[in-house]
Amino acid sequence: MSALTLSTSSATTQRADVVVIGVAKGSKGPVVALGGETVDKAYGGKLAATLEALGAGGSEGETTKLPAPSAGLKAPVVMAVGLGDAPGKNEAYDLETLRRAAGTAARALSGTKKAAFALPVEGAAAVAAVTEGALLGAYAFNTYRSTADGKAGGGSKRGGKPESKKDKDAGAPLAEVVVVGAKARDKGHKAAAERAEVLAAEVSRARDLINTPSNDLTPAVFADQVREAAKQHSLDIEVLDEGALAKGGYGGILGVGQGSDNPPRLVRIAHTHPRAKKTLALVGKGITYDSGGISLKPAGHNETMKCDMSGAAAVFAAVVSAARLGLRVNVTGWLALAENMPSGSATRPGDVLNMYSGKTVEVLNTDAEGRLVLADALTRACEESPDAIVDVATLTGAMVLALGNRTFGVLSNDDAFRSTVHELAEDAGEASWPMPMPTHLRKGMESPVADIANIGERPGGGLVAGLFLKEFVDEDVLWAHLDIAGPAFNESGPFGYTPKGGTGSGVRTLVRLAERTATGDLT
Ligand code: BES
Ligand code: MN
Ligand code: ZN
C-alpha cells in the first residue's frame, strides 16, 4: 500500500511530483475548491479559467493535469479532480464525494511516485475520507504480471525491445500519499488518518484474496493465510480440517466440498478485548471457486467465480481491523471455506445432507451451495451466544438483478437491527438496501424427503436464500445477512476508489458494526 504522511504546510510548498486540488461545478463554470487557494494564487488567480479553457467542468470522475506555473509551486504538476456540484454556503463536501475524488485522482496517478492531496478537509472526518479514498484508489493487483503495467511478458523475452524500468513503473500504484491540511499533532486528525490507513490496508487484504485465482487460493491455503495474520495480530485461531469437520458432523460444509480435490475448512478467528462488554460474530461465505457443482454453471457464468469467497475475505479483514484498531469489543470471525466442484465424489442433486444443526437438507441444486456452508457456520457461531451475528456472502444472482452491481442487500430477523446495519453501511461509504423476508416464501423450500430443500421458488431468490439461512440462526439472537453478490467483484471499469476486480465490499461496514457493537447499542 502507498505510504501516508500528513502535512500542514501549504500546497504550494509540497515537495511532491503532483499536487492534487479539487474543482467543483459552480453556477458560472468550474470553481477551485477549498485547499487549492494558494495554488490558484500561484497561477495568478486564473486557475479556474485555465481549467475551463482546458475543458474541465468539475464533474465527478474528471481529472485534469496541468503544468505548474513558472514560479510559486514546488511541485512540477497540478492535477484538478472533479468534486461535482459545489456545496451551498457554509456546507461541507459530502464525505463519500471526497473519498471518491481522492480515489479517482490516486488511480489517475498510477506510475507517479508522490502526490500531495490538497482537497477541502475541514475536520477529522474529511481527513479520514481523503486518506481512505486516496489509499484505496491507489490499489493495484500486479502479483501475476511479468511487468507491472501488464504488457505481458516484457519485450526482452519475446525478442522485442527490452523491458525498461519505466515500463514497470507505469502500472505501479501511487507510492506516497500526502494529505495536506491534516494536522499530525491534532489527536482527532491523527486518529482518523490512522483508522483510515488500517481500513485501506484491510480492504486491500480482502481485494488481494479475491483477485487471487482459485488454483492458488484453495481452502487450505486461505486458512494458512489466516493463521499467519492471526499470529501477527495476536488473534485466537482454530482451523477445522476435513477430518475435524467429519468428526463434528458439519454435513453442509463437507457436502459442498466433497467434489473437490481441495478439502474444505472452517476457520474461527477471534479478537478479544479484556474490557469488552459485547460480542459480535461474523460469518463469511468462502467458496474459493464456485463451478456450480453437478448443477454446473453454463459458460459465461463461471469466469468470475473465484470471487465467491468475498464474504470470508471481508470477515477476515474486519476481524484483523478490529484487532489493529484495538476495539473494545469481542469480534469472532467464522470462515466457511470450500471449493464447489463436480466430480465422481460430488454431492448429487437429490442427495440429503445432515447439517451441523441436526436438520436435514435435500440438495436440489448444487449451485445453491453458499447457504449450505453458511448454515453450518451460523449454527456453530450461535453456540457461543454472541450479542449479534452478521453473515456476508456472494449468495445470489437474484440480489444482483434486484439491486444492481453496486449495492448489497441487507436482510435481518429484526427490523431495527436491519436499519442499523443499513445506516452504518451508508456511514462507511458502502451502498446497501434493506430487503424483506416474506414468510410465504418458506413454502417453496418444503421437501418431500428432508426438513428443507436448498432452493425454493425463483421469484425473490435472494429473499428465499435469506429465509433458508434463518432456519439455522437462534431465534433470540440479532442476525443480519449481507448479500454482496453485486458489489463484491467489479467487472466493468474502475470508478472513484473502486478498482476492477475484487472490491473488498463489506469490510468497512463490518468495522463500523464492530465499533457500534462496542458502544453496546445495536438497535
Ligand atoms: N455464487 C453464486 C451467486 C453469485 C452470482 C455470486 C453472481 C456473484 C455473482 C451462488 O452460489 C449461486 O450460484 N446462486 C444461485 C442460486 C440458485 C441456484 C438458487 C443463483 O443465484 O443462481
Ligand atoms: Mn453457486
Ligand atoms: Zn456461490
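A residue is called buried when its relative accessible area is under 20%, exposed when it is over 50%, and partly exposed in between, using a 1.4 Å probe and the protein chains only. These legends describe a predicted model, in which local features need pLDDT of at least 70, side-chain atom pairs count only at pLDDT 80 or more, and totals for chains, interfaces and linings use all residues. Residues are numbered from 1 along each chain as its sequence is written, chains are lettered from A and ligands numbered from 1 in the order in which they are written, and side-chain values use heavy atoms, with hydrogens and water left out.

**View 1. R227 in helix α7.** R227 belongs to helix α7, residues 219-232. Helices (H or I, at least four residues) and strands (E, at least two) are DSSP runs, numbered from the N terminus. With a relative accessible area of 40%, R227 is partly exposed. Apart from neighbours within four places in sequence, R227 is in contact with I237 and V239, where contact means heavy atoms within 4.5 Å. R227 and R268 are 41 residues apart along the chain, and their C-alpha atoms are separated by 9.9 Å.

**View 2. The surroundings of ligand 1.** Around ligand 1 there are 15 residues, the closest being K297, D308, D367, E369 and G397. A residue is counted here if one of its heavy atoms lies within 4 Å of the ligand. The shell consists of seven charged, four polar and four nonpolar residues. In this division Asp, Glu, Lys and Arg are charged; Ala, Val, Leu, Ile, Met, Phe, Trp, Tyr, Cys and Pro are nonpolar; the others, Gly among them, are polar.

View 3. An oxygen atom of ligand 1 lies 2.9 Å from a polar side-chain atom of D290. The side chain of D308 has an N or O atom 2.9 Å from a nitrogen atom of ligand 1. For D367, an N or O atom of the side chain is 2.8 Å from an oxygen atom of ligand 1. The protein buries 75% of the 520 Å² that ligand 1 exposes when taken alone. Accessible areas come from the Shrake-Rupley method with a 1.4 Å probe, and for residues only the protein chains shown count as cover.

**View 4. H481 and D391.** H481 is part of strand β18, residues 478-483. Its relative accessible area is 0%, so H481 is buried. The side chains of H481 and D391 make a polar contact at 2.5 Å. A polar contact is a pair of N or O atoms within 3.5 Å; within protein, one must be able to donate a hydrogen and the other to accept it, and residues adjacent in sequence count only if both atoms are side-chain atoms. Beyond four places in sequence, the residues in contact with H481 include A393, L395, G409, G466 and L469.

**View 5. The nonpolar cores.** A nonpolar core is a set of buried Ala, Val, Leu, Ile, Met, Phe, Trp, Tyr and Cys residues joined through side-chain atoms within 4.5 Å. The largest such core has 89 residues, and F117 and F222 have the most contacts inside it. Helix α10 supplies the largest share of this core, 11 residues. A second, separate core has 45 residues, including Y250, M355, M435 and W479. In soluble globular proteins, nonpolar side chains tend to be buried together.

**View 6. V19 in strand β2.** V19 lies in strand β2, residues 18-26. At a relative accessible area of 1%, V19 is buried. The C-alpha atoms of V19 and K187 are separated by 25 Å, and the two residues are 168 residues apart along the chain.

**View 7. Two loop residues with positive phi.** Most residues other than glycine have a negative phi. N90 is not a glycine, yet its phi is positive, about 60°. N90 sits in the loop between β5 (77-85) and α3 (95-108), and is exposed at a relative accessible area of 83%. S385, also not a glycine, has a positive phi of about 45°. S385 is in the loop between α11 (370-382) and β14 (388-393), and is exposed at 58%.
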